[in-house]
Amino acid sequence: MTAGAHAADASVREADAVSEGGDRLPDSVRALQRDGDGVLLLSHNRNALLAADIGVGITDPQGRPPWGADLYLDGDPASAVVIVEACRTARETALRGVRLAQAAAVIGATAVLAGRARRPAARGVTAFNAAAALGTAAGVWSAVRLLRRPPPLTASQHPWHAMAPATVLARAGGSDGGLTAEEARARVDPTGERPPTTSLGRAYLAEMANPLTPVLGAGAAMSASVGAVLDAVVIVAVTALSGLFGGFQRHRTDRAVAHLRRESAVMAKVVRDGEEITVPAEELAVGDVVNLNPGEVVPADGRLLEAHHMEVDESALTGESLPVAKNVAPVLASELGNRTSMVYEGTTVAAGHGRAVVVATGTATEAGRAAADGRGAAPSVGVERRLARITRTTLPVALGSAAAVVAAGMLRGRPTRDTVGAGVGLAVASVPEGLPFLVSAAQLASARRLSARGALVRDPRAIEAAGRTDVLCFDKTGTLTQGRISLVAVAVGGDGDGRPLESLADEHDAVLAAALRATPCPHNGRELEHATDGAVTAGAKDAGVSRSTAAPGWRRTSSLPFEPSRGFHATRGRCGKRRILSVKGAPEEVVKRCATLSGRRVDRKGRKAILSAGEKLAAKGRRVLAVAELREAPGGKLTDEAVDGLEFLGFLAFADRARGSARDAVSRLADAGVHIVMITGDHPGTAESMARELGVLDGRRVVTGAELDDLDDRALDELLPEVGVVARGTPVHKVRVVQLFQRLGRTVAMTGDGANDAPAIRLADLGIAFGTRATPAARAAADLVVTDDRLETVLAALVEGRAMWASVRQALAILVGGNLGEIAFTLLGAAATGTSPLTARQLLRVNLFTDLAPAMAVALRPPHPEAAERMLHEGPEVSLGTALTQEMVCRAVATTVGATLGWLAARFTGRAARARTVALVALVGAQLGQTLVAGGRSRSIAISSLGSMAALAAVVQTPLVSQFFGCTPLGPIAWGIALSAAAAATVSSLFLPPLIARVHAAVPERRPAASPS
């Protein structure tokens, strides 16, 4: 929040709210405290600092410190950022400490109750000491990370665009001859942004950061505390293996991204020691002089020293699709797009060439600050939230079942140590240890399949976000469009509408032929200097128009090249004995040189009407050029003064065309229930026309960035669901649209390729960059880099994401539903006998070696091509809602039935150890039978299921191994009992879903209570 006289200043426009300052500042602080907020105040108002929870004092204009503050700054308010971030870090560290203390209390109490050592109390103290050491280490690590964060970025205070070139050179410490190599090395900013370092260790730690890791760690500690050290080792080993597997894939992906970054690194032609050399853009320093040529990417922010017919494509920064003419004259402008004396990092030289002095590099550039705006603001991805939800569901069930086993044992008079140990074993075995491994492996498999289709997945967790996406924000320029200017229409005479290139009449062909004659010819296959010349040449070729159209035998004799000061290009040629002067250029320059229109003379009013027709074309967001000709041109030297008395022919309209495959991709996404929003910097008319061509609007409306600025968040909440296009949008608007959709509970994907897209890409749930055109800032911010620039690849990513949710649903049913069945069977056995029918090691054996392989096979299978359209309608709410609940209940009931039938039959026909083994085989057989039924014709699922059953048989029948797992070898009768029970449970699972669905439908839905009127 901001308060005081400067609350409306542009430097603090991103504040969440504005409060009263001055003498009212203490009251503002107390009002916030009454609302329950803790207030940290940065001020030199002594009374307000005393009222705040934390007062950070800064000196007043006379340099006097405000006595009574809790902390004092050295004069730079930016250092307060560290204090604010430290508060957040301290809060997180304290919460972590509380959880560690709670876990230590549980583990210590368990060790005291069930410890078999002579001094069980010592084990309890050890648990507390270990938690204290771990908490201290975590606190130190958090503090080190906080202090290593880079300082906040500040905007440049120098109005370079308004200074003369000589002044800029002097202020930047450069010269016309450039810097020396020694000066450049000394000036390179060592704190500038560098590509993130990749290591297997960091990737492993990142993979282990999931909600189940602390739970499994606490379970391993509890197992060790009751003497089941081997069980604890097994849990730790499997958890570590899960992290190592995912960490290796993450590391491999990071290396691929680093390779992509190196391959696409921007190179700069810089003058050093008086000579031009080529260096990476990251080695540039303020004061360097760089040469810029057509087609090159601008390597840093610079002030132009020379500009020759120079045009720059700034769509990557401002979103404006048309190139901007540049010159060296100082200019007063607040908007980046209007600073014609500047060039900015990440933009592209479209025509001409120039020289510029570097005024900002790395994170200090406009693009660098845009990329940093959203850093750290991205919300946690859905996989963590859903794993946490599953953890919150399974943990109470596991603890409750453990408590029930302990209670049953104590009621039957069994020793406390034995009952507590059995309860701990059941609690640990009830947690689905393979769950993080399962979800990670499913995401990695999808990432590998997408890489084969031209999509580089930055983080495998992005796959599940793709499956949740229901809002897709497209940046138009270069994403839905081709990213280059094209000739789209030709108008004859004073027509303000024009005709598309595909349906030109003879009179339109004549206009286009005249424009082509006034266009230079490319030499030796080189591109033309100006983008509009290339567009005229390509458009004429597509329309079947040549220079000799309406002028047989025409050949060039002389020309005047286009210059910004001239405003037109003129070419004189001969057609038989006649001289023809053809002119194309800016309407205001060409029209004032015209004397006739359709053979009739035009006066000042007539010229004004012609310009109005051109403005009508331009109002649709198109670049417009006028075309004129003089059929009986005089001879002599061709000069500017000789270009006069022309016959006005018409206009050419240019725009950025839509991609050929865009409409089909947009239609399929809309059919899947994805809300498409096109955000562009273009004119509203251009944006609406493009949106209708692509089918984006679909009954929705077009709004402008200015309209968004006039609305508060509450009004936008109501408006956004009806918005299909945001025109004249800025990076700030993109970020705001993403944030507001997320606040509405939507999952947002943002695509783009420019530095102006980077903040929104980073903030979105799924950030997508189009690789060949994407700036480094956009690629660094993205979760998914589309290397082939095809919208179909984005569609494939959504299909993979949603198919992953469908596969994960079945895999979760195998793991969680199977565990619930094991818990139910254990509780039934404990109620009947006072102890668990299966030991903790047997349950771990089921979870880790039997359930996991089939569940992995289900999670890793690719979506069937013919099911792609159906998969688009999957998603977390469809896949993990009622469908998952019913599948888990069905599997739990069938598993319980199979294990119970086998155990009861074996109890009446043999010893307790034999009954336990029969129950284990029946339980596993029931689960594998259901997996085979659900897997259909999948070969991998059949192999994994039958392999798991064979492994179980080997364990049971091998004497030493069987004894280790608490089993006993079985005879033919026992195997018959177990397999019959498993078969019966599998068959019953086919009839359970309709019954469960009817029961679910009969249970009344919970509705919130009505508020009293």
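Predicted model: local features only at pLDDT ≥ 70, side-chain atom pairs only at ≥ 80, totals over all residues.
Residues are numbered from 1 along each chain as its sequence is written, and side-chain values use heavy atoms, with hydrogens and water left out.

Let us begin with helix α25, residues 731–743. Helices here are DSSP runs of H or I with at least four residues, strands are runs of E with at least two, and both are numbered from the N terminus. The 13 residues of α25 reach 18 Å from first C-alpha to last, close to the 18 Å expected at 1.5 Å a residue; the expected span is 1.5 Å times one less than the number of residues. Buried residues of α25 include H733, V737, L740 and F741, where buried means under 20% relative accessible area, exposed over 50%, and partly exposed in between (1.4 Å probe, protein chains only). Among the elements that cover them are strands β14 and β24 and helices α23 and α24. Just after α25, G745 takes a positive phi of about 85°.

How is α25 linked to α24? R736 of α25 is also buried, and R736 forms a salt bridge with D713, with the closest N and O atoms 3.1 Å apart. A salt bridge is a side-chain nitrogen of Lys or Arg within 4 Å of a carboxyl oxygen of Asp or Glu. This pair links distant parts of the chain, with D713 in helix α24 and R736 in helix α25, 23 residues apart. A salt bridge also joins D717 and R743 (2.5 Å, N to O). D717 lies in α24 and R743 in α25, so this pair ties together parts 26 residues apart in sequence. D713, D717, R736 and R743 are linked in a network of salt bridges, and the structure holds 21 salt bridges.

R692 counts as exposed because its relative accessibility is 55%, while E688, at 30%, counts as partly exposed.

Helix α9 gives the largest share, three residues; L230 is found in α9.

Notes
Contact = heavy atoms within 4.5 Å.
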